[in-house]
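Hi,

Here is the structure I said I would pass on to you. Have a look at it first, and then read on for what turned up.

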Amino acid sequence: GSMHALTTDFAEACYLGALPSLGPSNSIRLTPWGSPTIMNETTTCCSSLDEVRAGIDSIDAQLLNLLAQRAAYVREATRFKTTRDVVDVPTRDTQVIDGAVQNALAFHLPQTVAKAVFTAIINSSVSFELCVFDSYPDT
Ligand SMILES: C=C(O[C@@H]1C=C(C(=O)O)C=C[C@H]1O)C(=O)O
């Protein structure tokens, strides 16, 4: 789903690059304020916080599934590393993170989120791979 293309997105600066330094709003709002920002041809979301959280729970389950599949490939990569020293490949790490930040805008993902999440994915993946390498006996 995506936001209606004909309306102004007051939060568009929150997607591009570093977050802007905005003065903190003091407003007290009657909820739900604004208008729904998730929509397709027939329906919009969301009408309650419970509906929002059901959507988030569904996405989180899909993320876990995809992260498990990614970890399986990361483990497999270890089999092609000759020594512990070459498990981490900093040039590839940078390529993956920068690629995610570049592609974020096309997916309407905030670039700050892409950078933080992919940095965490890479760092934890390298630690996992080192554990795999250290776990096997000498061949
Ligand atoms: C999976 C690899 O091993 C490491 C983990 C990476 C990743 O999680 O994407 C990338 C580079 C390496 O630091 C690889 O070399 O491709």
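**What turned up**

T78 is buried, its relative accessible area being 6% (buried means under 20%, exposed over 50%, and partly exposed in between, with a 1.4 Å probe and protein chains only). Before I go on, please note that this is a predicted model, where local features need pLDDT of at least 70, side-chain atom pairs count only at pLDDT 80 or more, and totals for chains, interfaces and linings use all residues. Residues are numbered from 1 along each chain as its sequence is written, and side-chain values use heavy atoms, with hydrogens and water left out.

Back to T78, which sits in helix α1 (helices are DSSP runs of H or I with at least four residues, strands are runs of E with at least two, and both are numbered from the N terminus). Its side chain comes to 3.3 Å from the backbone oxygen of V74. That is a polar contact, meaning a pair of N or O atoms within 3.5 Å; within protein, one must be able to donate a hydrogen and the other to accept it, and residues adjacent in sequence count only if both atoms are side-chain atoms. Apart from neighbours within four places in sequence, T78 is in contact with E129, V132 and F133 (contact means heavy atoms within 4.5 Å).

**The ligand**

Which residues come nearest to the ligand? Of the 13 residues around it, they are R70, K81, V89, D93 and E129 (near means that a heavy atom of the residue lies within 4 Å). Some of the distances are worth a look:

- The side chain of R70 has an N or O atom 2.8 Å from an oxygen atom of the ligand.
- For the side chain of K81, an N or O atom is 2.9 Å from a ligand oxygen.

On its own the ligand has 360 Å² of accessible area, and the protein covers 87% of that (areas come from the Shrake-Rupley method with a 1.4 Å probe; for residues, only the protein chains shown count as cover).

Where does the shell come from? Helices α1 (49–78), α2 (90–104) and α3 (111–135) each give at least two residues to it, and the largest share, four residues, is from α3. Sorted by class, the shell has six nonpolar, one polar and six charged residues. Here Ala, Val, Leu, Ile, Met, Phe, Trp, Tyr, Cys and Pro count as nonpolar, Asp, Glu, Lys and Arg as charged, and the others, Gly among them, as polar.

**Salt bridges**

Side chains of opposite charge can pair when their charged atoms come close. How many salt bridges are there? The count comes to three, taking a salt bridge as a side-chain nitrogen of Lys or Arg within 4 Å of a carboxyl oxygen of Asp or Glu.

R84 is partly exposed at 41% relative accessibility, and D134 is partly exposed at 46%.

Then there is the salt bridge between the side chains of E76 and R79, at 2.5 Å from N to O. E76 is partly exposed, at 34%, whereas R79 is exposed, at 61%.

**A few other residues**

Q111 belongs to helix α3 and counts as buried because its relative accessibility is 11%. Beyond neighbours within four places in sequence, Q111 has contacts with Y15, L16, G17, V101, A104 and L105.

Q95, in helix α2, is exposed, with a relative accessible area of 53%.

P36 is in the segment before β1 (38–39) and is partly exposed at 35% relative accessibility. P36 and C46 are ten residues apart in sequence, with their C-alpha atoms 6.1 Å apart in space. Not counting residues up to four places away in sequence, P36 touches T44, C45 and C46.

Cheers
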